[in-house]
Structures are given as C-alpha cells and as structure tokens.
Amino acid sequence: MGMCYGNPVSDRKRKFAPGSPHIASAKRSKKPGLRIGGLPEDILSSIISKLPLKEAARTSILSSQWRRIWLCRANIDLSYHTVFSQSDKVRGWTTRGNILNRLKFIKSVGVVLQQHEGVGTENIRISFHLCDRYADHMDKWVKYTIASKAKGLILELLSMKFGPTIVRYNFPLQMLDTKKNSSLRRLRLHFVSLCPPADFRGFQNLTRLCLQDVNITNEDLQRLLSEGNHLECFRIACCETLTSLRIPHYVNRLKFLLVLSCPLLQDITLDCVVPALHYRGPLIPLELAAPSKLTNLWVELSSCHSALGFISSELPTTIPHLEMLTFRCSQFEVCISHDVLIFLGCAHIYFSWVPFFFCIQRADVVSRLRSFLSLRHLVLDLTITDLPRRTIDILDLGYLPEAAPFVEKLELHMF
C-alpha cells in the first residue's frame with residue numbers, strides 16, 4: 001500500500017476559511033508582549049522608588065529611557081546602609097577608613113541631590129556621623145530640601161562618643177522662612193544645636209517636629225514655638241540642656257506631645273489643650289491648662305515611686321476627660337491575695353512595676369484617691385521583688401475601681 005505525503009510548502013500556504021479559530025490564534029501570537037519599559041514614566045518612577053537606593057541607581061544603565069527615572073524617586077534615603085558597600089563597612093573599622101568613608105558619604109549625598117529631579121519629593125533622610133566641621137555641605141543639603149519642595153526632612157547626624165569634644169552642627173533655622181519654605185511639613189533633627197534668630201517667626205507650616213539629643217535652651221525653645229505655629233505632633237527626647245518645658249497657649253493645634261529622657265528637666269507646663277501626652281523620666285511637676293481635654297496620659301517613671309501614691313497625689317486634678325492612663329514605675333514585694341480580683345473593674349491604666357519601697361499608709365492613700373469617671377480600661381502589669389520587711393497589700397489596688405466606677409476591661413499581669 002502506497003503512502004501519500006503532503007507538500008510541506010503547500011501546507012504552510014494553506015488558507016483557512018474566514019472566521020476560522022486558526023486565524024484568531026495567529027493574530028494573537030503576533031501581538032507584542034507587555035514590557036515594563038512600555039509603562040508610563042510616572043508608574044515606572046513609583047516602581048523604582050520601592051527599590052533600595054543602590055538598586056534603583058543600577059537601573060540607569062539599562063537604556064537611555066531608564067537613565068534618569070531613578071532620580072525622580074519620592075523618598076531619598078542616604079545613610080550608612082544605603083551608601084556604603086560591604087567593603088566600605090569593613091574599611092570603616094580603621095581610623096583612616098572611617099575618614100575615607102565620611103568623605104565618600106559627603107560626596108555621594110552631593111552627587112545624588114545634584115542629579116535628583118526634585119519633583120514630587122516626599123522625604124529626604126540623611127543619617128551619618130557628622131559635626132559642625134562639615135556645616136558648608138549640610139547647609140547645601142538643607143537648601144536643596146527647601147528648593148525641592150520636599151515635605152519631610154530627617155537629619156540624623158548621630159553623636160560620636162569618642163575622640164575630642166564634638167561641636168554640633170548649628171541647624172540654619174533662618175532657611176525655614178515662610179516665603180522660602182511653603183512645602184516642608186515634617187522635620188526631625190538629631191544631634192544638632194538650635195539657636196533661633198531674634199526675628200524667627202516660628203514654624204508656620206510644620207505639622208510634625210522631632211528633636212532628639214538637641215542642644216537648646218529654655219528660652220530658645222519658647223522662641224521656636226512662637227505664635228502662628230501649626231504643630232500637631234511635637235516630640236523631644238534626650239535633650240540634656242533643657243530644664244523647663246512650657247508649651248504656650250497659642251500652639252492650639254497640638255494633638256500629641258512626647259517628652260522622653262531629658263535628664264535635667266524639672267517641670268512641664270501645658271498652657272494649651274493637648275489630647276495625648278507621653279512622658280518618661282523622673283517624677284516632676286506636671287501642670288495642665290484648665291479645663292484640660294487630656295484623654296491619653298502615658299507616664300513611665302525612671303525613679304522609684306508608688307503607683308497608688310502617684311494617682312492619689314501626683315496626678316493633676318484638671319483631667320476630667322482622661323480615658324487612658326498608662327503608668328509604669330518600680331515597686332517592692334506585695335502580699336498577694338486572689339480576693340483582689342473581685343474588687344477590680346477597668347480603665348486604661350497601665351502599670352509595669354519593678355522593685356520599689358512603698359511608704360504611704362493605706363488609709364492615707366485611699367482618702368486621697370479622686371474620681372476618674374471617664375476611665376474605661378485598666379491594665380496592671382506588676383513585676384515584684386521579695387522583700388518581706390517592706391510589703392504592701394495588693395488588696396489596696398481594689399480601691400481603684402471605686403475611684404473609676406465605669407471601668408470596662410481588666411488585664412492583670414504579675415511577675
């Protein structure tokens with residue numbers, strides 16, 4: 001039996017009837033595939049902004065189209081981790097290597113900021129060990145931030161705990177004039193000096209300000225918080241020159257105030273209405289504007305103190321709207337009884353206690369407890385040390401729900 005083989009040439013030229021699925025399949029196969037390079041430039045910029053700085057910069061070698069896309073990233077993060085290679089980090093362990101790394105960092109920041117398009121910039125973060133010796137470079141970086149209309153500047157210069165006395169960079173507040181700075185909304189400064197000029201008019205546009213390990217006097221801080229301020233969040237931490245903190249009444253947009261570990265701070269006075277206050281440090285006087293609208297108070301004492309003593313004696317009386325009270329302090333051995341559970345109700349009082357001497361008599365404490373009708377949650381986190389000669393009765397805590405009768409939730413943690 002003979003076999004019939006088709007002509008391969010004629011087979012390839014075979015025509016199909018109109019509407020045949022073979023024709024549709026052929027058309028689909030001719031469509032070009034979706035390529036990332038074909039996306040709009042704004043979408044590409046958004047994608048590139050998600051990459052680390054080094055990886056984003058490497059995309060510039062792909063083609064002429066990609067050469068400048070990475071320079072439009074919204075967030076610029078220039079730090080030890082984003083600028084240096086692994087060999088640079090190893091080199092930094094030597095004195096000479098550390099000097100070379102500092103020079104490389106300054107050069108890298110200058111190159112990136114000079115090439116960056118400055119369009120749609122959200123945040124600029126510069127983090128490295130620098131001091132006033134390099135003020136000329138840092139002044140240029142601040143000027144670029146203002147010119148690029150960035151919304152946030154984070155300048156973390158980081159203190160150097162070795163070598164001779166380091167002179168901090170004097171941050172040029174005069175550059176933040178309203179006419180020149182209409183876009184900056186967030187400012188975070190670490191290890192700088194602040195000395196506002198006599199004609200400084202305050203932060204007219206800032207909504208968030210964070211000062212950490214900053215040299216500033218009480219008077220300069222008052223000038224910093226001058227009239228017309230739009231601050232909504234103010235954080236100040238580890239400022240060793242500050243002895244008194246007073247928030248004036250015209251800072252009336254403030255929603256959150258955080259004061260952490262300022263060793264010489266002796267008092268806090270709030271003449272404005274602040275809904276939330278967080279404080280960590282030794283026990284100091286706290287004066288609130290009357291009537292206060294404070295609803296969230298978080299206190300962690302670095303010194304030993306009684307929790308009941310604080311609530312009965314140290315807590316300001318002008319806080320009728322307090323809903324959440326977080327209180328951490330130190331406490332010594334307690335006579336524990338499970339019967340206390342039938343007394344406790346709720347309100348957000350958060351106690352984290354570690355060893356302390358309790359010297360206030362029970363009757364005295366109970367007689368001075370005030371009413372907190374707005375409290376809703378109570379969390380007790382107790383860490384106790386065994387000192388039999390100096391004990392208190394945990395049943396004393398059963399009087400707290402009597403002072404806060406509308407408590408709703410109880411968490412009791414004991415260690």
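**Entry 1. Ground rules**

I count a residue as buried when its relative accessible area is under 20%, and as exposed when that area is over 50%. By that cut-off Phe128 is buried, because its relative accessible area is 5%. I keep in mind that I am reading a predicted model.

**Entry 2. Aromatic rings**

I looked for aromatic pairs next. A pair of aromatic rings is described by the distance of the centres and the angle of the planes. How many aromatic pairs are there? The count comes to five. I picked out Phe105 and Phe128, which are stacked. Their centres are 4.5 Å apart, and their planes make an angle of 15°. Where do the two sit? Phe105 belongs to helix α7, and Phe128 to the loop between β2 and α8. The pair therefore ties together parts that are 23 residues apart in sequence. I checked Phe105 for cover as well: its relative accessibility is 0%, so Phe105 counts as buried.

I then turned to Tyr169 and Phe171. This aromatic pair is edge-to-face, with 6.4 Å from centre to centre and 85° between the planes. Both Tyr169 and Phe171 are buried. Back at Phe105 and Phe128, I found that they belong to one aromatic cluster with Tyr80 and Phe84.

**Entry 3. Salt bridges**

Side chains of opposite charge can pair when their charged atoms come close. I searched the whole structure and got twelve salt bridges. I followed up some of them.

I began with Arg186 and Glu122. Their closest N and O atoms are 3.8 Å apart, and the two form a salt bridge. Arg186 is in strand β5 (residues 186-190), while Glu122 is in the loop between α7 (95-115) and β2 (123-127). The pair links distant parts of the chain, 64 residues apart. Are these two buried or partly exposed? Arg186 is partly exposed, at 28% relative accessibility. Glu122 is also partly exposed, at 28%.

Next I took Glu156. Glu156 forms a salt bridge with Arg125, and the closest N and O atoms are 3.0 Å apart. Glu156 is in strand β3 (residues 152-156) and Arg125 is in strand β2, 31 residues apart. I compared their cover. Glu156 counts as buried, at 9% relative accessibility. Arg125 counts as partly exposed, at 26%.

Glu156 has another partner, Arg188. Arg188 forms a salt bridge with Glu156, with the closest N and O atoms 3.7 Å apart. Arg188 lies in strand β5 and Glu156 in strand β3, so this pair ties together parts that are 32 residues apart in sequence. Arg188 is partly exposed, at 31% relative accessibility. Which residues do shared partners join into one network? I noted Asp77, Arg125, Glu156 and Arg188.

**Entry 4. Helix α8**

I moved on to helix α8, residues 135-147. The helix has 13 residues and reaches 18 Å from its first C-alpha to its last. That is close to the 18 Å expected at 1.5 Å a residue. Which residues of α8 are buried? I listed Ala135, Met138, Trp141, Val142, Tyr144, Thr145 and Ile146. Their cover includes β1 (75-79), α7, β2, β3 and β4 (169-170). Just after α8, I found that Lys149 takes a positive phi of about 60°.

**Entry 5. A nonpolar patch**

I also looked at the surface. Ile99, Leu100 and Leu103 form a nonpolar patch there. Together they have about 250 Å² of accessible area. I placed Ile99 in helix α7. Ile99 is partly exposed, with a relative accessible area of 45%.

**Entry 6. Trp298**

My last stop was Trp298, in strand β14 (residues 296-301). Buried or exposed? Trp298 counts as buried, because its relative accessibility is 14%, which is under 20%. What does Trp298 touch, leaving out residues up to four places away in sequence? I found Leu260, Leu277, His278, Tyr279, Arg280, Thr326 and Arg328. I then looked at one of these, Leu277. Trp298 and Leu277 are 21 residues apart along the chain, and their C-alpha atoms are separated by 6.3 Å.

Terms used: Residues are numbered from 1 along each chain as its sequence is written. This is a predicted model: local features need pLDDT of at least 70, side-chain atom pairs count only at pLDDT 80 or more; totals for chains, interfaces and linings use all residues. Side-chain values use heavy atoms; hydrogens and water are left out. A salt bridge is a side-chain nitrogen of Lys or Arg within 4 Å of a carboxyl oxygen of Asp or Glu. Helices (H or I, at least four residues) and strands (E, at least two) are DSSP runs, numbered from the N terminus. Buried means under 20% relative accessible area, exposed over 50%, partly exposed in between (1.4 Å probe, protein chains only). The expected span of a helix is 1.5 Å times one less than its number of residues. Contact means heavy atoms within 4.5 Å. Patches are made of residues with over 30% relative accessible area and no salt bridge: like charges are joined within 9 Å, nonpolar side chains (Val, Leu, Ile, Met, Phe, Trp, Tyr) within 5 Å. Accessible areas come from the Shrake-Rupley method with a 1.4 Å probe; for residues, only the protein chains shown count as cover. Rings of Phe, Tyr and Trp (its six-membered ring) pair if their centres lie within 6.5 Å; planes under 30 degrees apart count as stacked, over 60 as edge-to-face and the rest as tilted.
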